[in-house]
Amino acid sequence: MNAKLLKGMNEHLKLEFKASHEYLAMSIWLAENDLPGFASWMRQQSSDELLHARKFVDHLVERDQKVVLPAVAQPPMTWESAEALCSHVLSNEQAVTASINELYALAEAAKDRPAVILLQWFVNEQMEEEAAARAILGRIRLGGKTGVGMLMIDQELAKGTVPGMPAADAADAAN
């Protein structure tokens, strides 16, 4: 693996661990604000981000490359609203997508096929992650910043479905 791609993958770990940490903090805030469905969704998102980090770590270890685990800053513990929180989730996912796209270009340029295969999985995953965040954010904006609309979205999330996405796609987005 070339040095630039290795450095990029290690730097990308920061985004995955940061997102996991923030999503866990968001889950706590949502639970404290009586939104258990949202809290459950964010807890799952936190777990998914750790899985993503492990995929990078495993890839590097399997290829006998040096893994550099990043320090993780304390995340915010409060948000103005569920809408603001979901906007932040979408921003996080867009930053991860941009990083994956940069890594993919580096892997292609280096003709590093194992990295390209790994990163293709992430390209698909990020499309799903962004779609889920946009769907929930859209639902909040349409009918649920407070009151009954928010409770309905929370109930959908409690069932394990992502508003605006078919159940099969929501389940795939969680994996």
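Predicted model: local features only at pLDDT ≥ 70, side-chain atom pairs only at ≥ 80, totals over all residues.

Residues are numbered from 1 along each chain as its sequence is written, and side-chain values use heavy atoms, with hydrogens and water left out.

Start with α4 (residues 113–143) and α5 (residues 147–158), which pack at an angle of about 155° with axes 9 Å apart. That makes α4 roughly antiparallel to α5 (the term covers angles over 145 degrees). Helices here are DSSP runs of H or I, at least four residues, numbered from the N terminus.

Arg139 in α4 and Glu156 in α5 sit 17 residues apart, so to speak linking distant parts of the chain, and their side chains form a salt bridge at 2.8 Å, N to O. A salt bridge here means a side-chain nitrogen of Lys or Arg within 4 Å of a carboxyl oxygen of Asp or Glu; the count comes to 6.

Glu130 counts as buried because its relative accessibility is 11%, while Arg134, at 42%, is partly exposed. The cut-offs are under 20% relative accessible area for buried, over 50% for exposed and partly exposed in between (1.4 Å probe, protein chains only).

Over in helix α1 (residues 3–32), Glu11 and Lys7 lie 4 residues apart, about one turn, and their salt bridge spans 3.8 Å, N to O.

Definitions and conventions
Axes fitted to C-alpha atoms, helices over the stretch in contact; angles between N-to-C directions. Helix = DSSP H or I, 4+ residues; strand = E, 2+ residues; numbered from the N terminus. Parallel < 35°, antiparallel > 145°, perpendicular 65-115°, else oblique.
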